[in-house]
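Open your viewer and get ready to click along. We will go from stop to stop, selecting residues as we go.

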Amino acid sequence: MWTVFHSYAFDFSVWELWGALTTGARAVIVPHDTARNPEAMWHLLKQEKVTLLSQTPSMFRELVGQAAETSQSDLPDLRWIVFGGEALEPKHIQPWFDRYPDAPTQLINMYGITETTVHVTHQVITTDHLAQGGRLPAGRPLPGYQVRLLDPHGNPVPTGVPGEIYVAGNGLARGYLHRPQLTAERFTANPHHDIGTSVGTRMYRSGDLARWLPDGTLEHLGRADDQVKVRGYRIELGEIETALTTHPHIHETLVTTHHDHDGHRRLLAYLVTDTPLTPAQLRTHLAATLPDHMIPALYIPLDRLPLTPSGKVDRRALPQPDTQTEPTNTTEHTPPRTPTEHLLATTWATVLGTEEIGIHDNFFDLGGDSILSIQVISHARRAGLQLTSKLMFTHQTIAELASVVRHAEPETTGGDVAEAVAGRVELTPVQRWFFDGHTTDPDRYAMSVHVALAPDTDPAVLARALEAIVDHHDALRMRYAPDGEGGWAQEYGERPDGLLTVRDIPADGTEAALHDAADAAQRALDLRGGALVKGVFLRTAGADTPPRLFLAVHHLVMDGVSWRILLEDLATAYAQLAEGRPADLGARTSSYQHWARRLTDHVRSGALDHETGYWRKASAGAVDLPCDGPASSTYGEVAAESVVLDRETTEALLHRAPAAFRTQINDVLLGALGRVLNTWAGGPVTVALEGHGREELFDDVDLSRTVGWFTTIYPVTLVVPDGPWGTALKAVRKTLRKVPGRGIGYGALRYLREPDHPDRVALAAAPPPRISFNYLGQWDSADGGRGLVRDRLDALGADQAPGENRPHLIDVVAAVSDGQLRIEWMHAPSAHAPSTVRRLADDFATALRQIAAAAGN
């Protein structure tokens, strides 16, 4: 029993009428008034015992909505519902599955065109498709049809890459009556005889875009002429509609473009909702999945989308927007309007080194990253804003942040009157990783900086400032001792003496003298004695040479984020002491002791057990790295190959690429790295990825200004497909978004679970990756080089003991300094020839330049 629901002037009726007649079924002609009355239509379906219903998604949504409102029972005879005529979205069919979860009816999405006698592909849609989110697949070709996806040059596109749909097969029309030119343009010769067609057949050029999914099904992406260009970006309107309809209060939507009176093209969204939604709420929702340039500037609420008699959306009946509607997402600078927005803008400008920040500028498009976001949080909390990392990533513009951030009393003075911590401190996962693998000379494992200071820096005041730093940051007063069970224990101690020494460097032999001074400081680190900080004030002969500071801190209590905190606090304390005031670094944040205890209890309570399966899989089956020699390495033989990208390319990677590819700089770097390693190794390579580790697991823990070693190290297999960089980076982004908890669970389960726990045993037995990657972020001075620290200088000495074994054969470290991205490939020449690593480094730089170029197109 088939319904003939649609007018014979609509191509859907061909399927309805002839489908019934050619299969021996009975056709129920639906009266016009019944077709426009959902309640009457439901009654007809039940009374006539209809088994196959054909519907446009918009009409079906109204039908099920009315049935739900009037508490209609299900349709036991209905076996198939066939959708066509317009794109099927999850919101169209979710109410059906919610209302009738046990119904035997199959919902079938079909793609087709009038010129191909309606339907071409088919796909049964299940709740699994809805759970995956995104677009619903259009399926595979029906018997007798062939589908090709071709690029503008007529070449087939690979899986995952958009192409235009061409259809061949027995259902093709002969052409357009009395329109030979249009017929020749749209019905083209078919050169692809490998798809089962004979010489001389034709294909129909649909004008629709799609891509093949890995399972061989088709994903319809919309019309080629629906691709618009706004603010220089090519945009698929259907992608925005899909993102909008994931909002729980949005039932239907249509996105188009609108030209203002001044000629600017802006995105416009029409919405049918069950509750009023503000533009700010809509932008916040979209910002979670879309870049700034894909967020509509205008929103118009409707009671319902107008439909044509055939059941499609009637675009000509849509109301035009009020030209006075609030403008958003334009390229014009919008200055802060409220005190909160002013405070956030000042904070962003300070951290990002940007003079002017607009309230609609995206933090990550401006070059922000996860490490810089921690600095923003730290500054904001000092000023009285209760900002969190989650808020920064969810609300990426000042306008959005200002609407959700809470206020507290600003931090002022008396920070050091808080109760001092004391006693034993649990070892964190990364500290346990260190003691497991660094047994030759654990005392010598430093992080160091070498910086130029202001010309008039007083070493006596600098020494007092350094003492204030160690007094304020508890972790810098740790001391270590064997625990009697083959491991190590850490506890708080007193501040050691001799934090800063002064060395006069002769005019001749300067380089050797600098390295000797640094080496002495690095050798003086002493875990048992608590000497974890050693500074050297370097005075070079010559009036024109500014003084320098070399500062070595044991890695057990230091990481990249901590360095930023320490150097900022050092400048603050120095300025206060130089003015005759006491050093006051504000209120302390949570102690390392508190974090370590909370994390250990969290893991042993079973809170991360659900991640075990993921990490076991991630740790297994890694493709090994090719080697030119023995696969071992010590720090004493390490060599480095470096590449430096110019400012223009770095600017494109930091600012244009994140917006163009809807990603972040870390994803961009890993995408390029993954493709280079894949080519070299012959398959996807598993990398030990480092993260900052300051995850917001607990409401009572604030690590925004806590010094310590929080780094997470976890395995990620970089699967980067061939083809355009947009497709490759999207795949990398998806891989990284699947990592639970940004990687903190791997080390936590590996090192904090009870020693005999099977999860810990399994993770410990897995072979570690042979290569690591660490993006250190941007190191340009926030004060523009006008404060205590004027410039970062080349490294001195050797931070690690020469005889210590390295945990990885290759370490790739990237950082931005002075506006340039620098990547170091550290390796052992005995394992990998310098020429091999040089080629990898050059290929990595080439890939990054390609991404930068693609982001500008």
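A cavity here is a set of points, on a 1 Å grid over the protein atoms alone, where a 1.4 Å probe fits but cannot get out. Grid points are joined across faces, edges and corners, and a volume is the space filled by probe spheres set on the points. The model is predicted, so to speak of local features pLDDT must be at least 70, side-chain atom pairs count only at pLDDT 80 or more, and totals for chains, interfaces and linings use all residues. Residues are numbered from 1 along each chain as its sequence is written, and side-chain values use heavy atoms, with hydrogens and water left out.

**Stop one: the largest cavity.** Select His472, His473, Thr589, Arg705 and Thr706, which are the closest to the centre of the largest cavity among the 16 residues that line it; a lining residue has an atom within 4 Å of a point. The space inside is about 130 Å³. The model has 4 cavities of 30 Å³ or more.

**Stop two: Glu241.** Now pick Glu241 in helix α8, residues 237-244. Helices (H or I, at least four residues) and strands (E, at least two) are DSSP runs, numbered from the N terminus.

**Stop three: strand β33.** Select residues 820-827 for β33, then 639-644 for β27; the two run antiparallel, joined by 6 bridges. Strands pair if DSSP finds at least two bridges between them. Val644 has Arg822 of β33 as its bridge partner.

**Stop four: the turn.** β32 and β33 form a hairpin with 2 residues between them, and Asp818 in the turn has a positive phi of about 55°. Asp818 is partly exposed, at 48% relative accessible area.

**Last stop: Val118.** Val118 sits in strand β6, residues 118-125. Its phi is positive, near 75°, in a residue other than glycine. Val118 is buried, with a relative accessible area of 6%.

Definitions and conventions:
1 Å grid on protein atoms, 1.4 Å probe; cavity = no way out; pocket = protein on both sides within 12 Å on 5 of 7 lines; lining within 4 Å. Buried < 20%, exposed > 50% of the residue type's maximum accessible area, 1.4 Å probe, protein only.
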